[in-house]
Amino acid sequence: MSYVPTIEDIAYLAMHQPDKFTSAEQTLRSMSHALRNGNGNVDQTTQVTVRRHYANYQLNGGQPLTESPIPRTSGSAEEDGPDTEFAATCVQCTQDDGCCIKAGSVIDKSHPSRKVEWPPVDGATTLLVVAELQGTQLISDVLVNWEGEENCLAGRSDKPCLLTSGLADGRHQITESTSEASVAYQQHLSLALALGDFIPHDVTLALLAFDSLMSLNALNNQGGRASFQPNQCWPGKDVKEALTVIPYPCTKLDGDVTLAVETSFMTHGVSAQVEAKGTLSGQYGRYELTLEGSADSTGHSQESIPRENDAPGLVGMIVNTIQTMDRYISMGSSNDGIRRNSSNMGSGVILSKSLTFQPTGFELAPVAGSPDLEVKIGSLNSTLSVGVTGRIDLIEAVSAALLSPAGRDMVQNARARMEAGENVNATIQGNLQLSAMGSLTHTVNGSGGESVATYRIPASGEPSEAIFNGIAQEFTGELKILGLAELKLHVEGRVFILSAQAGARGSIHTSWTWEVRSRDGVREKRYIFEGVKVSGEAYAEVDFRRGEDTDDSQSLGIESQTGLADSRLEGEAQVSDLFDRVRSAIDNSNRQAAGDIEGFNPNPRGDDGNGKTIWEPDPKEPEWVPF
């Protein structure tokens, strides 16, 4: 009868003949697990595990066993007593212990009370650290140590050690029982660079620094991490998980900044004028932040609009409003819903934004005796307001939805002739007249008489478990850009009745809305676009001939739209100071929006709501999301 190996036999073979197994380490782990959770060789599951690894041993060239491979003296233990010579070579061990590494820790070098350990204390395996500028890199230094056997008991030269990843020097393992390692933070600021034409660089960095730390959703998107994984033949129950170190960029802010941004979407492209004034000091990662007096920037290219937007908070809102207006203006004169170059359109929109940002005593700091970090906040006051003037040209999209191919050709030919300077008997008007109202406000203050409030960033658990200690936070408001349709169309005697349906909320033809709120300490946002639906019909054919007895003044009207998108509203363009111009534009836009809503008649011809959608609502089901 052939010999049936035991768990101990397979483990011994894996340690002394590792080349006879596909993965000796995996075999040892399986035997360890079976020994802890099985019931010796009587348990059926254990027997299956042993047979499987024994078959793997033979498949890789191992010789079939006729007896236990574990060395014995002559006779049996029962007959001759314990094998004291063999026992003397064995290591004293506990069933759940690792064979070599018994304990260890990873310690924040700058704050030695902060650490994570093997075995884990309260389940903590992640350490958050503040990366400071060392030369040109953001670095945090940690001390790493482990206790146990310095040399592998099975004679393996590559064990024991710690397998590592994410270290600044590129090391992949640490063999010393005591060592120092550096963890680097990779600061990615592509959005800040892309926003250079819309917000001065230091102001962008300050906004990103604040919102990145205040946004719970941003905590999962770090700029680096390092791990330390025990590597030994027989993994221990409490010394098997990797310890992780996650760096955050050093951050400190104080200031009082006011920002004025004017973005113009015109026929010749997109331009922006930006000015910031006030004071700002601090540090964000590699960058020292400074503003004394004022700073400005100017952009003149549609390509300068950021195409990505992963920024949280108010800076993300600024980017999103610019992207949204650019998108719909570009779609306005397209008859297939595909983005076009805005230089081919009869749209003209000026988007004015005012932002105040007043952080006091804002600093990222380690928590003594804990793997967590905390944000210290004296106070914050920030407000974003928006104004919009101008119009989006819808005529091609409306024509595509309501007219026959022949009718669309008639409209397009008439527009082309108008643009060429020809006197055409036509009125072609299909615009969304825009206005805006509302503001977003974010305030953070210490409560209960505390001079400095703290917001704790947890190293372990979900970001939603962040602890707000003494913080009174309010994030509220709504930005709404309204669109009131003005539709008139007749070409060479053919007259159409056109109308736009009320938006989903019934307040006006359409609107773009950005809402924010703070719920249970979590900042949330919601975006709603109501879509655009139109209806119309050809209702008359007028026989019109030019002749000596024809009075042009009795015709249905001749209106050329040449230069429509290139003209800016009178008055605003004459104000030289950008702050005054933006403030005036926002006030005028707010008044116009209020008047549009108050005087709106949703169905002037008694439409029953039927019509064709030229722009779909977005999203279909608006939701509040953290940011």
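At 45% relative accessibility, Arg583 is partly exposed, a class that lies between buried (under 20% relative accessible area) and exposed (over 50%), with a 1.4 Å probe and protein chains only. Arg583 belongs to helix 11, which spans residues 578–598. Its C-alpha atom is 8.5 Å from that of Lys353, although 230 residues separate Arg583 and Lys353 in sequence. The model is a predicted one, in which local features require pLDDT of at least 70, side-chain atom pairs count only at pLDDT 80 or more, and totals for chains, interfaces and linings use all residues. Residues are numbered from 1 along each chain as its sequence is written, and side-chain values use heavy atoms, with hydrogens and water left out.

The secondary structure of the protein consists of 11 helices and 26 strands. Helices (H or I, at least four residues) and strands (E, at least two) are DSSP runs, numbered from the N terminus. Of the 627 residues in the protein, 48% are buried. Among contacts (heavy atoms within 4.5 Å) between residues at least 6 apart in sequence, 75% join residues at least 24 apart.

Two helix pairs were examined. Two packed helices are described by the angle between their axes and the distance between the axes. Axes are lines fitted to C-alpha atoms, for helices over the stretch in contact, and angles run from 0 to 180 degrees between N-to-C directions. The axes of helix 1 (residues 7–16) and helix 3 (residues 44–59) come within 10 Å, with a crossing angle of roughly 30°. Helix 1 and helix 3 are therefore roughly parallel, since angles under 35 degrees count as such, whereas those over 145 count as roughly antiparallel, 65 to 115 as roughly perpendicular and the rest as oblique. On the helix 1 side, Ile7, Ile10 and Leu13 meet Thr46, Val50, His53, Tyr54 and Tyr57 of helix 3. By class, this contact of helix 1 with helix 3 comprises 6 nonpolar, 2 polar and no charged residues. Here Ala, Val, Leu, Ile, Met, Phe, Trp, Tyr, Cys and Pro count as nonpolar, Asp, Glu, Lys and Arg as charged, and the others, Gly among them, as polar.

For helix 9 (residues 395–402) and helix 10 (residues 405–419), the axes come within 9 Å and cross at roughly 160°. Helix 9 is thus roughly antiparallel to helix 10, and their crossing is right-handed. Ile395, Glu396, Ser399 and Ala400 of helix 9 form the contact with Arg408, Val411, Gln412 and Arg415 of helix 10. The residues of this contact of helix 9 with helix 10 divide into 3 nonpolar, 2 polar and 3 charged.

Most residues other than glycine have a negative phi, and most peptide bonds are trans. A cis peptide bond joins Trp118 and Pro119, with omega about -10°. Pro119 is located in the loop between strand 2 (115–118) and strand 3 (126–134). The loop between strand 2 and strand 3 also holds Asp122, a non-glycine residue with a positive phi of about 55°. Asp122 is exposed, at a relative accessible area of 80%. The peptide bond from Asp618 to Pro619 is likewise cis, with omega near -5°, and Pro619 is found in the loop between strand 25 (612–615) and strand 26 (625–626).

The structure holds 0 disulfides, a disulfide being a pair of cysteine sulfur atoms within 2.5 Å. Cys100 is buried, at 1% relative accessibility. Cys161 is buried, with a relative accessible area of 1%.

Notes: A crossing is left-handed if the near helix is turned anticlockwise from the far one by less than a right angle, and right-handed if clockwise.
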